[in-house]
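Please study the sequence and the three-dimensional model shown below.

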Amino acid sequence: MKHLTIIVPDGQSDLNSVSCIIGAYEIFTRANTYREEQGKKRLFTIELAGVTPEADFHHGLLTLKPQSDISSISKTNLIIIPSLERDCSKITKGNQLLADWIVQQYKNGAEVASMCTGAFMLAATGLLNGRNCSTHWYAADSFRHLFPQVHLQTEKLITDENGIYTNGGGYSFLNLAIYLVEKYYDRQTAIYCSKLFQVEIDRQTQSTFTIFTGQKTHGDEVVRKAQTYIEDNLQEKISVEQLASLFATGRRNFDRRFIRATGNTPAEYLQRVKVESAKKTFETTRKTVNEVMYEVGYSDVKAFREVFRKITGISPLEYRNRYNREALV
């Protein structure tokens, strides 16, 4: 029988961490039961493990008691790291014993999955260096700053690479749990669990839920002024050449500085700011797609739709209909 370890982190987690722990435990337990109902043996022994006898969550509102100390687990097959505290800058400062244990288990053949901001603990082990990773979109800027060697892809709901899995934010950890059930059990068990827990199966992206605010905690004053100019002139057709010229910077140097400061190329930033403005208009008004398109500086419907779908994962009309009930009247 395989062994599943669900990590109970020590002293720096919120209520979503508890949800991840309980959710993963329930889904894998039900997958085991379903397998038994099919006349097969349970696939996993499931164990909650940590480094302390008790772990407090959300300033002591809840307390969990791990079933085991990680030191007692010499061999496991799958490790799940739950979401951690929302103040992501604190996450890498603790839980070193857990991080070291995860690295050793991975070297021994275990696979590792992080849920939401659990990616910070996973990245702190070094196992994600040079690899793709996802986490909650709100934590993306902090993550990029702390772990520049990791290829962050927040548009992806799940990444799967060399026995390491990560996923996006919030309750999308349920999608990762279903994904892992299919990986380890089979498609039919995953479908059963998705129906029982009412989790949409095969969801690919979290782009629809992303709120783009732009990275502005950097120290590059030229880039910050360029960001402000873009946001103040959404209705204009702005080229990167214009921006570079406006701030008396060579195009290549401007590109490099912009990417280093924001994580986006100037062209990507232009698109994301315009699309974010369009999204807010779709959510709060009954304006048509064409009206909104012109307001954010596009004149080609096809181009606007392509950019909008690339960033959000759905068309402008689908977005408006999903988030604005009045628009359907």
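In which loop does Asp-202 lie? Asp-202 lies in the loop between α6 and α7, the latter covering residues 221-232. Helices (H or I, at least four residues) and strands (E, at least two) are DSSP runs, numbered from the N terminus. The model is a predicted one, in which local features need pLDDT of at least 70 and side-chain atom pairs count only at pLDDT 80 or more, while totals for chains, interfaces and linings use all residues. Residues are numbered from 1 along each chain as its sequence is written, and side-chain values use heavy atoms, with hydrogens and water left out.

Although Asp-202 is not a glycine, it has a positive phi of about 70 degrees. Its relative accessibility is 42%, so Asp-202 counts as partly exposed. Ala-248 is not a glycine either, and its phi is positive at about 50 degrees. This residue is placed in the loop between α8 (240-246) and α9 (251-262). Ala-248 counts as exposed because its relative accessibility is 74%.

The chain as a whole can now be considered. It has 13 helices and 11 strands. Along its principal axes, the C-alpha trace spans about 65 × 45 × 35 Å. For 329 residues, a compact globule would have a radius of gyration near 20 Å, and the 22 Å of this chain agrees with that. The radius is taken over C-alpha atoms, and the globule rule is 2.2 Å times the number of residues to the power 0.38. Of the 329 residues, 50% count as buried. The chain exposes about 16,000 Å², of which carbon and sulfur atoms supply 48%; accessible areas come from the Shrake-Rupley method with a 1.4 Å probe, and for residues only the protein chains shown count as cover.

Contact means heavy atoms within 4.5 Å. Among contacts between residues at least 6 apart in sequence, 64% join residues at least 24 apart.

Which residues of the largest nonpolar core touch the most other members? In this core of 35 residues, they are Phe-28, Phe-44 and Ile-80. The elements that give two or more residues to the core are β1 (2-7), α1 (15-37), β2 (44-50), β3 (55-57), β6 (78-81), α5 (173-184) and α6 (187-196). A nonpolar core is a set of buried Ala, Val, Leu, Ile, Met, Phe, Trp, Tyr and Cys residues joined through side-chain atoms within 4.5 Å. In soluble globular proteins, nonpolar side chains tend to be buried together. Beyond its neighbours within four places in sequence, Phe-28 is in contact with Leu-4, Phe-44, Ile-46, Leu-78, Ile-80, Ala-177, Leu-180, Val-181 and Tyr-185. Another core, of 29 residues, lies apart from the largest one, and its members include Ile-70, Tyr-106, Met-121 and Ile-164.

Not counting residues up to four places away in sequence, Gly-50 touches Val-8, Pro-66, Ser-68, Asp-69, Ile-70 and Leu-98. Gly-50 and Val-8 are 42 residues apart in sequence, while their C-alpha atoms are 4.9 Å apart in space.

Other positions extend the picture. Gly-130 is placed in the loop between α3 (118-124) and β8 (132-133), and at 43% relative accessibility it counts as partly exposed. Setting aside residues up to four places away in sequence, Gly-130 touches Gln-149, Val-150 and His-151. The C-alpha atoms of Gly-130 and Thr-284 are separated by 41 Å, and the two residues are 154 residues apart along the chain.

Asp-255 lies in helix α9. Leaving aside its neighbours within four places in sequence, Asp-255 is in contact with Val-240 and Pro-266. Glu-295 lies in helix α11, residues 289-295, and is partly exposed, with a relative accessible area of 35%. Not counting residues up to four places away in sequence, Glu-295 touches Leu-234, Gln-235, Thr-281 and Lys-287.

Technical notes:
Buried < 20%, exposed > 50% of the residue type's maximum accessible area, 1.4 Å probe, protein only.
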